[in-house]
Amino acid sequence: METYNIALIGFGGVNRALAELIATKNSLWERDLGFRLNIVAVSDLYLGSVISPNGLDAKTLVEANFAKGGFGGLSGGSAEADNATVINTAPADIVVEATFTNPKDGEPAVSHCRWALKSGKHVVTTNKGPVALAAQELKALAKANRAHFEYEGSVMSGTPVIRMAKNCFAGAEMKGFEGILNGTSNFVLGRMESGLDFASAVAEAQALGYAEADPTADVEGFDVRLKVVILANELLGANLQPEKVSCQGISGISRFDIEAAATANSRWKLIGSAVRNADGTVTGSVSPRQLPLEHPLAGVNGATNAVSLNTELLGSVTVTGPGAGRTETAYALLSDIVAIHRAQSGNLAKEAA
Ligand code: HSE
């Protein structure tokens with residue numbers, strides 16, 4: 001049985017949900033997955049940072065109602081968030097990066113990933129910034145340091161898309177995809193269909209933990225654009241940058257548009273897509289589309305996401321599942337750790353043979 005020491009960077013909804021899972025499920029994981037997780041450090045802009053080589057009690061971390069700088073009161077703690085020290089010096093095997101997504105340059109999360117990988121620590125992240133904007137560099141860094149860089153939760157939270165497509169669609173010849181890739185905007189469109197106004201629907205999505213810190217990214221399509229870049233680069237072998245993906249969100253959709261669509265037996269959905277062109281280039285786009293009710297994506301409701309993968313040998317395959325939410329996204333981190341554990345176990349078996 002393996003114990004992985006982990007350092008949590010960011011202690012907002014997602015990493016807090018992971019700590020909650022650790023508090024309740026470590027014994028189950030030990031039995032079913034062959035490892036348990038031990039939190040040896042946490043750093044958070046609001047709460048401060050703490051390093052505890054023997055491990056912090058996950059239940060206490062989750063249940064204590066820390067005030068601003070509250071980690072300063074813990075043994076090994078400081079009221080300041082010193083991410084660099086935590087990442088470079090905590091005795092962690094895995095750094096769990098779940099800070100906010102910066103869609104411009106991915107910082108400070110890109111630096112967090114760099115520091116971790118350079119010091120030989122694996123990185124698992126739900127942060128779209130480093131994956132959309134610096135994946136090539138970070139993958140190379142991981143390889144050079146015999147570490148893993150895993151990011152399943154950057155698209156569709158814990159619903160398996162990236163790893164599943166890479167593992168199970170190898171040879172199927174991916175030609176493109178189209179999907180509902182933002183839970184908040186899909187939730188908002190649904191609530192508007194029920195008669196709610198735009199602002200109240202966005203506020204509900206925030207309260208439920210779906211929306212980004214700044215929901216502009218959700219409703220203006222910027223969040224979907226990053227996800228289109230990630231999927232296009234991962235599944236279609238593209239090298240897209242966000243500014244190359246045309247982008248229109250849902251803020252211009254009125255109650256009148258919603259009602260007109262219903263009268264025409266259709267629904268508005270915010271669709272992110274990419275297609276491989278005849279010359280091998282890949283074009284991505286984000287825009288609201290009025291889909292007929294019989295379209296496979298028209299019936300996807302609430303914060304649920306779905307993506308139809310268009311392949312040469314298998315035709316179109318649609319994957320649907322949660323696209324946002326704290327526990328759902330924390331599960332993505334667990335699935336990344338499972339992937340690391342399995343790869344490590346395989347490597348160890350090969351080395352021993
Ligand atoms: N704000 C995002 C959404 C969360 O609503 O889908 C997951 O990236």
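Good morning. Between domain 1 and domain 2 an area of about 1,700 Å² is buried, and carbon and sulfur atoms give 61% of it; buried area is the accessible area (1.4 Å probe) that two parts lose on being put together, summed over both. K128, V155 and M156 supply 41% of the area that domain 1 buries against domain 2, more than any other three residues.

Please note that this is a predicted model, in which local features need pLDDT of at least 70, side-chain atom pairs count only at pLDDT 80 or more, and totals for chains, interfaces and linings use all residues. Residues are numbered from 1 along each chain as its sequence is written, and side-chain values use heavy atoms, with hydrogens and water left out.

Where do the two domains lie in the chain? Domain 1 covers 2–157 + 327–352, and domain 2 covers 161–322; these bounds come from an automatic or database domain assignment. Their centres, taken over C-alpha atoms, are separated by 28 Å.

Turning to the interface, 19 residues of domain 1 are in contact (heavy atoms within 4.5 Å) with 22 residues of domain 2. Across this interface there are 5 salt bridges, each a side-chain nitrogen of Lys or Arg within 4 Å of a carboxyl oxygen of Asp or Glu. E150 also forms a salt bridge with R163, with the closest N and O atoms 3.1 Å apart.

Helix 5 (128–144) and helix 12 (326–352) are the elements that give two or more residues to the side of domain 1 that touches domain 2; helices here are DSSP runs (H or I, at least four residues), numbered from the N terminus. Helix 5 gives the most, with 6 residues. Thank you.
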